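Thank you all for coming; I would like to walk you through one structure this morning, going from the fold to individual residues and then to the interface. Please have a look at the sequence and the model before I go on.

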2 protein chains.
Amino acid sequence: MTETIPRRELILQEAAHLFREKSYPGSNLRELARRSGIQGGSIYHHFASKQEILFQLMDHTMSDMIERLTERLAEAHTPLEKLRTTVYFHIEYHVTGPDQTYITDEELRNLEPENYLKVVAKRDRYQRIVEDILSAGKAEHGWLLDEPKLYTRALIKMCAGVSTWFKPEGELNIEQIAEAYINLFSNGLLPR
Amino acid sequence: MTETIPRRELILQEAAHLFREKSYPGSNLRELARRSGIQGGSIYHHFASKQEILFQLMDHTMSDMIERLTERLAEAHTPLEKLRTTVYFHIEYHVTGPDQTYITDEELRNLEPENYLKVVAKRDRYQRIVEDILSAGKAEHGWLLDEPKLYTRALIKMCAGVSTWFKPEGELNIEQIAEAYINLFSNGLLPR
DNA sequence: GTCTATAACTAGATAGAC
DNA sequence: GTCTATCTAGTTATAGAC
């Protein structure tokens with residue numbers, strides 16, 4: 001019953017952790033190898049270069065996010081339900097995989113041009129999914145927003161930011177945080 | 001009338017730009033020197049180490065943010081006025097000095113322990129100023145928030161995030177973005 | 001698939017001349 | 001205050017044995 005995780009997967013996991021801790025250029029492959037239970041040179045049996053590790057990490061994370069969000073949204077039917085689903089998903093995904101998401105959010109500048117374009121294209125696809133929900137809310141229910149893109153960015157930044165301070169042993173769980181953010185986005189702070 | 005900027009200041013400015021472009025560990029002092037118009041070794045006449053450059057940059061930025069926000073808040077009197085002032089200031093400061101603020105927001109992990117504690121203390125002081133405004137709004141005007149700290153983080157992340165995509169030549173100016181964010185925070189998206 | 005050894009290079013920091 | 005030269009250590013990546 002002990003799951004044997006393939007070495008390649010393990011390296012990617014450890015890389016996410018290490019890169020988050022020390023940033024991509026601040027990390028070295030000897031330490032990544034050590035944490036993965038092998039010697040420095042052996043990394044190159046699994047990946048062609050340090051850059052390829054970063055790219056695989058970010059590319060896989062973006063694909064996974066798009067796929068999972070799309071799945072969840074299939075169960076939601078109104079724009080408001082979809083907004084709730086998205087806020088919950090985005091927070092949960094960032095809190096559950098804080099290493100992967102942090103790298104994917106912050107290491108874009110360290111991708112070589114070709115890889116950069118591929119990852120940015122997926123990031124834009126993801127943002128577009130969220131933007132379309134806000135646009136639908138505006139068109140169908142008169143949501144108060146002039147610039148869907150502006151609010152999309154605000155929403156994404158706010159939710160992703162949770163993973164920078166979230167502690168599983170803290171006072172609030174994911175549900176409570178998501179609920180608070182949905183309320184904030186829906187009704188704001190001022191009483192009526 | 002040509003302002004001669006002291007070399008030390010110039011190095012700090014160029015460092016902010018370079019570190020934002022390539023991250024702190026990804027930057028090297030020879031390139032920083034070149035951009036500052038001197039040779040590699042000359043950096044050490046102005047700073048004791050690469051680490052000290054990073055620390056001076058972040059520490060000065062945090063002090064400056066606290067000082068300026070405090071000044072502006074002195075002119076605001078109600079919690080709502082103070083919230084407006086804070087949102088506007090935080091966006092404006094991040095958009096006006098995107099290099100300095102990006103470094104200060106993202107390079108904490110590369111500070112040595114002693115420096116880390118100093119900068120985090122100032123960051124916490126800043127956050128506390130914002131948190132106290134939200135708490136006052138709750139106490140005095142019944143603002144709808146259970147956890148002032150949670151909303152403080154959401155507000156700060158959302159506003160700071162503007163500098164990652166803001167372009168001066170873009171469609172929206174700082175006033176319009178700040179206005180939209182204040183509306184979002186005040187009343188949310190749903191019509192009543 | 002992993003090891004060891006090493007090539008080729010780069011970086012932070014120092015020393016001393018001007 | 002800036003220059004050049006250099007020390008030392010660490011890094012990615014490769015090669016070939018097991």
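Predicted model: local features only at pLDDT ≥ 70, side-chain atom pairs only at ≥ 80, totals over all residues.

Read along the sequence, chain A runs α-α-α-α-α-α-α-α-α, which comes to nine helices and zero strands, where helices (H or I, at least four residues) and strands (E, at least two) are DSSP runs numbered from the N terminus. Residues are numbered from 1 along each chain as its sequence is written, chains are lettered from A and ligands numbered from 1 in the order in which they are written, and side-chain values use heavy atoms, with hydrogens and water left out.

Taken along the principal axes, the C-alpha atoms of chain A fill a box of roughly 65 × 40 × 35 Å. Of the 192 residues in chain A, 49% are buried, and here buried means under 20% relative accessible area, exposed means over 50%, and partly exposed lies in between (1.4 Å probe, protein chains only). If we take the contacts in chain A between residues at least 6 apart in sequence, 67% of them join residues at least 24 apart, a contact being heavy atoms within 4.5 Å.

Let me start with helix α1 of chain A, residues 7-22, whose 16 residues reach 22 Å from the first C-alpha to the last, close to the 22 Å expected at 1.5 Å a residue; that expected span is 1.5 Å times one less than the number of residues. Which residues of α1(A) are buried? They are I11(A), L12(A), A15(A), A16(A), L18(A) and F19(A), and what covers them includes α2 (29-35), α3 (43-46), α4 (50-73) and α6 (98-106) of chain A.

After α1(A) comes S23(A), in the loop between α1 and α2 of chain A, and S23(A) has a positive phi of about 70° although it is not a glycine. S23(A) counts as buried, at 1% relative accessibility. In chain B, S23(B) likewise sits in the loop between α1 and α2 (29-35), with a positive phi near 70° and a relative accessible area of 1%, so S23(B) is buried.

Turning to helix α4 of chain A, L69(A) lies there and is buried, with a relative accessible area of 0%. Leaving aside residues up to four places away in sequence, L69(A) touches T86(A), F89(A), Y126(A) and I129(A), and its C-alpha is 8.2 Å from that of H90(A), which is 21 residues away in sequence.

Now to the charged pairs, where the rule for a salt bridge is a side-chain nitrogen of Lys or Arg within 4 Å of a carboxyl oxygen of Asp or Glu. Over all chains the structure holds 22 salt bridges. D64(A) pairs with R68(A), the closest N and O atoms being 2.9 Å apart, and both lie in helix α4 of chain A, four residues apart, about one turn of the helix. D64(A) is buried at 14% relative accessibility, whereas R68(A) is partly exposed at 42%. In chain B, R68(B) and D64(B) also form a salt bridge at 2.9 Å between the closest N and O atoms.

A further bridge joins the side chains of E179(B) and R84(B) (3.2 Å, N to O). E179(B) lies in helix α9 of chain B and R84(B) in helix α5 (residues 79-96) of chain B, so the pair ties together parts that are 95 residues apart in sequence. In chain A, E21(A), K22(A), E31(A), R34(A) and R35(A) are linked in a network of salt bridges.

Finally, the interface. Here 42 residues of chain B are in contact with 42 residues of chain A. The area buried between the chains, meaning the accessible area (1.4 Å probe) that two parts lose on being put together, summed over both, is about 3,900 Å², and carbon and sulfur atoms give 64% of that. How many salt bridges does the rule find across the interface of chain B and chain A? The rule finds zero there.
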